[in-house]
Amino acid sequence: MTETLDISITKNQNSRLTTTDFDNLTFGHTFSDHMFVADYADGEWKNFQIVPYGDISLSPAISSLHYGQSFFEGIKAYKHVDGNVSVFRPNKNAERFNKSAERLCMPTLPEDIFIQSILALVDVDSDWVPTKPGHSLYIRPFMFATDPYLGVSPSKTYKYMVLTGPVGPYFTKPLKVKIETEFSRATEGGFGYAKAAGNYGGAMLPGKMAVEQGYDQLIWTDSKEHAYMEELGAANVMFLLDGKLITPSTDKGTILKGVTRDTVLTLARDWGYPVEERRVSVAEVLEAAKNGTLEDAFGAGTAATIAPIGQIEHEGQLYTLSDPAEREFSQKVLKTLNEIRYGVTADPYGWNYMV
Ligand SMILES: *Cc1c(COP(=O)(O)O)cnc(C)c1O
């Protein structure tokens with residue numbers, strides 16, 4: 001890190017900490033007492049502030065509302081067994097944050113400002129980091145355009161903000177997923193690799209239809225043939241096929257390059273598993289499911305953590321996979337990740353940024 005960021009801190013005088021029910025958390029509904037705000041104007045980032053969480057006032061003409069100049073990140077902070085708090089790999093999110101910014105013609109944010117804003121905010125609200133197993137403090141950095149004009153051109157002013165809130169497990173049972181063969185999330189040449197707000201708006205209808213049909217999630221496939229796996233809702237998808245860890249490659253720009261994905265691939269390589277990042281056909285996965293060589297299948301993401309897939313549907317046929325509780329690889333990944341994140345074991349990779 002370079003120099004320390006000059007952040008003005010206004011403490012919340014009406015803390016909701018003691019009136020918040022940490023035993024009944026719905027993802028994204030509970031916010032900590034403070035938020036981080038910064039402004040971009042005249043070609044620079046300024047006004048770094050931590051203020052009480054609350055509503056903000058904006059022009060109704062801002063282009064983030066009309067033309068989607070808006071994107072976000074998702075990170076988690078964990079309470080260690082010794083009471084310390086760490087944030088998991090925010091440097092990777094800083095990298096992706098700036099890739100999203102560039103694709104949407106928005107200003108980048110220096111990595112040290114991104115990381116310091118998060119560490120400072122989590123420090124102020126460190127009492128909000130849950131202690132229960134499987135729980136964490138979800139961190140939502142985001143940026144949006146604030147020029148009050150309707151012209152379709154890049155805004156000259158922006159806001160960068162960070163919210164946090166305690167969360168429990170995102171999924172509580174193995175997923176029943178559908179392979180999407182009609183709609184697409186992203187196309188080559190598009191912006192699927194950006195965590196852009198627009199990608200999620202467009203994914204809502206297919207997602208809602210899948211839920212109405214009785215599925216928990218859908219697996220996106222390539223937009224040309226719907227023959228290759230892309231990702232699982234808002235998580236990357238991975239398969240252990242005949243002893244090899246296989247995941248769709250991100251080189252076509254249609255897949256969000258997950259931090260969790262990178263984390264799992266790093267662990268797998270270190271454990272000696274062959275790892276393949278390549279095109280993964282729907283046919284080969286279903287064939288493996290049929291002949292019993294599909295040893296593991298799961299989603300990997302910050303919110304979802306490691307989410308086992310229990311059943312996969314494709315064109316009217318439902319495939320039931322092995323019992324997730326018996327799966328060696330994903331169980332070991334989850335256990336190892338938890339031990340590192342909650343400070344139970346050493347962190348040989350330097351993934352934990354201490355608050
Ligand atoms: C956020 C996200 C992921 C997972 O990325 P992580 O960095 O692991 O949280 C995967 N796919 C999509 C579409 C996402 O939005």
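The centres of domain 1 and domain 2 lie 27 Å apart, taken over C-alpha atoms. Domain 1 covers 8–168 and domain 2 covers 175–341 of the protein chain, with bounds from an automatic or database domain assignment. This is a predicted model, in which local features need pLDDT of at least 70 and side-chain atom pairs count only at pLDDT 80 or more, while totals for chains, interfaces and linings use all residues. Residues are numbered from 1 along each chain as its sequence is written, and side-chain values use heavy atoms, with hydrogens and water left out.

**Extent of the interface**

- In domain 1, 21 residues are in contact with 21 residues of domain 2 (heavy atoms within 4.5 Å).
- The two domains bury about 1,800 Å² between them, with 60% of it on carbon and sulfur atoms (accessible area, 1.4 Å probe, lost on being put together and summed over both parts).

- The rule finds 1 salt bridge across the interface (a side-chain nitrogen of Lys or Arg within 4 Å of a carboxyl oxygen of Asp or Glu).
- Arg-89 and Asp-262 meet through their side chains in a salt bridge, at 2.9 Å from N to O.

**The domain 1 side**

- β4 (70–72), β5 (75–79), β6 (85–88) and α2 (90–103) each supply at least two residues of the side that touches domain 2 (DSSP runs numbered from the N terminus: helices are H or I, at least four residues, and strands are E, at least two).
- α2 gives the most to this side, with 6 residues.

**A hairpin in the chain**

- Strands β16 (residues 305–314) and β17 (residues 317–320) run antiparallel, joined by 4 bridges (pairing needs at least two DSSP bridges).
- Ile-312 stands opposite Tyr-319 in β17.
- The β16–β17 hairpin has 2 residues between its strands, and Glu-315 in the turn has a positive phi of about 45 degrees.
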